[in-house]
Every structure is written in structure tokens, then in C-alpha cells.
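Here is a short briefing to read with the model open beside you.

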Amino acid sequence: MIHLFRRSMFWTTLLAAPVLIGASQTPPTPASALPVPAVSNPADPLVVEPGTVSEIVPFIQPFDLDATRRMAVEVMLGSEGPFSFLVDTGAERTVIARELATRLGLVEGAKLRLATIGGSAMVPSFRIAALQMSNLHLTAVEAPAFYGRHIGAAGLIGVDMLEERRVLIDFRKETMQVLETRRRAPSLIKDDDAIVVTARNSAGRLILSDARLNGKRIDVIVDTGAQTSVGNMALQRLVADRRANRFPFAPTELTAVTGEDVPALRTAIKRIVISGLDINDLPVSFADSQAFRALGLHERPALLLGMDSLSLFDRVEIDFPNKRVVFDLPDGAERQTGRRFAANLVMRGS
């Protein structure tokens, strides 16, 4: 799920750069590789001469971390491209920017109703005859379309492309592997300090099954398309009741993929425990979002775990068929924090 948030200078200073125990210094890659095709600018720097698509498996591709720490990879649309698409494990459908669809002369399909962080919206769709990211491809996909200025890229890769595969993200090397997998396949991360979290599936998204706040179970969704973590109002009430907020709740706004501004409250949660690890002082925005209702998560406390949290780890493996997420903890328990991290992380004393 794509969202951005706006905040005051006070909160920018207060929440932008907390500390992680055990991380090496690795600044994020600049977002210079993320221009969005626009109808008014026919000279698209993302378009190159089409070439032969590699059939090598597995596919390993460097990714860019944009200004909001979201991942972007190069995608071919038929013989056109490459174009920068965000990888969004919180999005049900693969999405294309309206500007790019218009430029490529794609055939418009049916109107689709989609849930966003701001509500539900009717959006056009466009037929993509072939979409490829090296050996990973979909054919004849009907892609919903949003304006590129709102999604921040030429499109995004949703779980409809990923649900039969697993994704291995290496934040140290800034690479990503999209791999075929099978039922009961072992994890690719073998480190002793890796944390394996089982999950359940809801509309293609993986919901972590062992996450708690002050002993109360909460639902956590891994969302690589989110800049920051977002909680529902049930989680906000739980945080307030348990006095689990590090700072007072402050009003802010989220900007939905439709461009709509959504009122929200923002603070840092003192401590969330996920299967043997603690995430401390996690910045979270809380919103009454249709996206949670669409997943049946509006009554129970729920959290979209965004890139500010995922990039805490050296590696993250998201295995959709096996309903498993593996977090590889950084080595060196007392090393200085790197700027790519956005919350505190410590091991439980168990």
C-alpha cells in the first residue's frame, strides 16, 4: 500500500532518526533513478532500447531506495522500458502510472474499485500485454492506474506477481531476489540470529501471527510499499489505553495513492514484540483507513509495517506460499547506528 505522510518540523526532528543497536552505517541510495514518465515530457530518460530478457533463475537485481526508503526495480512493458516500479507487498494488484499508460497507448479496461489508505476509489485500468522483471513476468494483466505523482514511480509490483514466489531483500548489498519456491521449502537465510515468523494469508498479504503490544496480540502486515508504519484506530486506542506511546499523539496527514489527504495521529510506540525480538520507539501514524476494512482488520489492532522498520534488518525474506517472513538481525550488538534505520531494535533476553 502506498502512502506518504506530512508532519511538522518538530516531529521531523523528533522521529526521523532514532537509534538501532547493532547496525552498521549504510546511508540510503539517492532516488535519482525514479523519474515518472509524463505526457508533457516525451523525452523519457527511463526508456532504453529493448533487449533480450534474461532467463537466468534466480533473478538478482539492485534496487534503489527512494527518498521514502521504498524499493524500486526496473520493469519492461512489452518491448518498452525499463521503467522504475516500486515493489509493494501490501498492494493486491500491480499498478501502472496513468501518464505511462497514456504514453504507451495502452488499451483502457474496466473501472475498478480499490481500497486505499484514504478510502475506496474507482480508478481506470489498462491492459498490459506483457510485464517482465527479468525472468519474472505476467501476461495480459489488467493494471489499475493512478497518477505517477501520487505513487512516486512509473508503477508498482503487487502481490499478484509475488504470491507464488518469495522475495529476498538484502539491505546491506541493496539487492533483491525474486525466486520461485515450493511448499515446505526451507528458508534461504540460515544465520543463527535470524528470526522466523509464521504468517497467515489475507487477500494475498502476509499477516504476522506472533506480534504483541504489552502482551496484547496485534496483526502486523509486511508492507514494502509504505514509507512509514501505519496503524488502525483499534491499535491507536490500545496504545493510548496501555500508555505505550513514547510521545503525545500529534495530528498529521497521510497522502493516499489517489492524492487524497487523510487525517492521522502520529507518535512512537515504546515497544512491539515480534517472535523473539523487540522493536522499540517505532514511529507510527494512525488512520481510520478503508485499507484495514478491506482486509477485515478494522476491529482488531493492526499495523502496516513499512520500510522504516523493514530496513532495520540486514536481510528480509518474504515467502508467500510458505506464509513465512524471516528477519536477519544485524551483526555486532553494540556498533553505532546507521542512518538507514528508523527505529530501535533489541533482542529479548530469552
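The notes below cover the pocket, the salt bridges, the aromatic contacts and the backbone.

This is a predicted model, in which local features need pLDDT of at least 70 and side-chain atom pairs count only at pLDDT 80 or more, while totals for chains, interfaces and linings use all residues. Residues are numbered from 1 along each chain as its sequence is written, and side-chain values use heavy atoms, with hydrogens and water left out. Helices (H or I, at least four residues) and strands (E, at least two) are DSSP runs numbered from the N terminus.

**The largest pocket**

- The largest pocket has a volume of about 320 Å³.
- A pocket here is an open set of points on a 1 Å grid over the protein atoms alone, where a 1.4 Å probe fits and protein lies on both sides within 12 Å along at least five of seven lines. Points are joined across faces, edges and corners, and the volume is the space filled by probe spheres set on them.
- Its lining counts 22 residues (those with an atom within 4 Å of a point), and Ala91, Glu92, Leu114, Ala115 and Arg205 lie nearest the centre.
- At least two lining residues come from each of β7 (112-115), β10 (136-146) and α6 (290-294), and β7 gives the most, with three.
- By class, the lining holds 15 nonpolar, two polar and five charged residues. The nonpolar class is Ala, Val, Leu, Ile, Met, Phe, Trp, Tyr, Cys and Pro, the charged class is Asp, Glu, Lys and Arg, and the others, Gly among them, are polar.

**Salt bridges**

- The model has 18 salt bridges, each defined as a side-chain nitrogen of Lys or Arg within 4 Å of a carboxyl oxygen of Asp or Glu.
- Two of the residues nearest the pocket centre, Glu92 and Arg205, form a salt bridge with their closest N and O atoms 4.0 Å apart. Arg205 lies in strand β15 (residues 205-208) and Glu92 in the loop between β5 (80-87) and β6 (95-97), so this pair ties together parts 113 residues apart in sequence.
- Is Arg205 buried or exposed? Arg205 is buried, at 8% relative accessible area, whereas Glu92 is partly exposed at 42%. The cut-offs are under 20% for buried, over 50% for exposed and in between for partly exposed (1.4 Å probe, protein chains only).
- Glu317 and Arg166 meet in a salt bridge at 3.2 Å, N to O. This pair joins strand β24 (residues 315-319), which holds Glu317, to strand β12 (residues 165-170), which holds Arg166, across 151 residues.
- Arg172 pairs with Asp170, with the closest N and O atoms 3.4 Å apart. Arg172 is partly exposed at 36%, while Asp170 is buried at 7%.

**Aromatic rings**

- There are two aromatic pairs. Rings of Phe, Tyr and Trp (its six-membered ring) pair if their centres lie within 6.5 Å, with planes under 30 degrees apart called stacked, over 60 edge-to-face and the rest tilted.
- Phe249 and Phe286 are edge-to-face, at 5.9 Å centre to centre and 70 degrees between the planes. Phe249 sits in the loop between α5 (233-241) and β20 (250-256), and Phe286 in strand β22 (residues 277-286), 37 residues apart.
- Phe249 is partly exposed at 23%, whereas Phe286 is buried at 1%.
- Phe313 and Phe327 form a tilted pair, at 4.8 Å and 40 degrees, and both are buried.
- Arg98 lies over the face of Tyr147, 4.6 Å from the ring centre, and Arg149 also lies over the face of Tyr147, at 4.6 Å. This requires NZ of Lys or CZ of Arg within 6 Å of the ring centre and within 35 degrees of the ring normal.

**Backbone**

- Most residues other than glycine have a negative phi, and most peptide bonds are trans.
- The Gly81 to Pro82 peptide bond is cis, with omega near 5 degrees, and Pro82 is in strand β5.
- Glu174 has a positive phi of about 55 degrees and lies in the loop between β12 and β13 (175-180), buried at 14%.
- Asp281, in strand β22, has a positive phi near 55 degrees and is buried at 17%.
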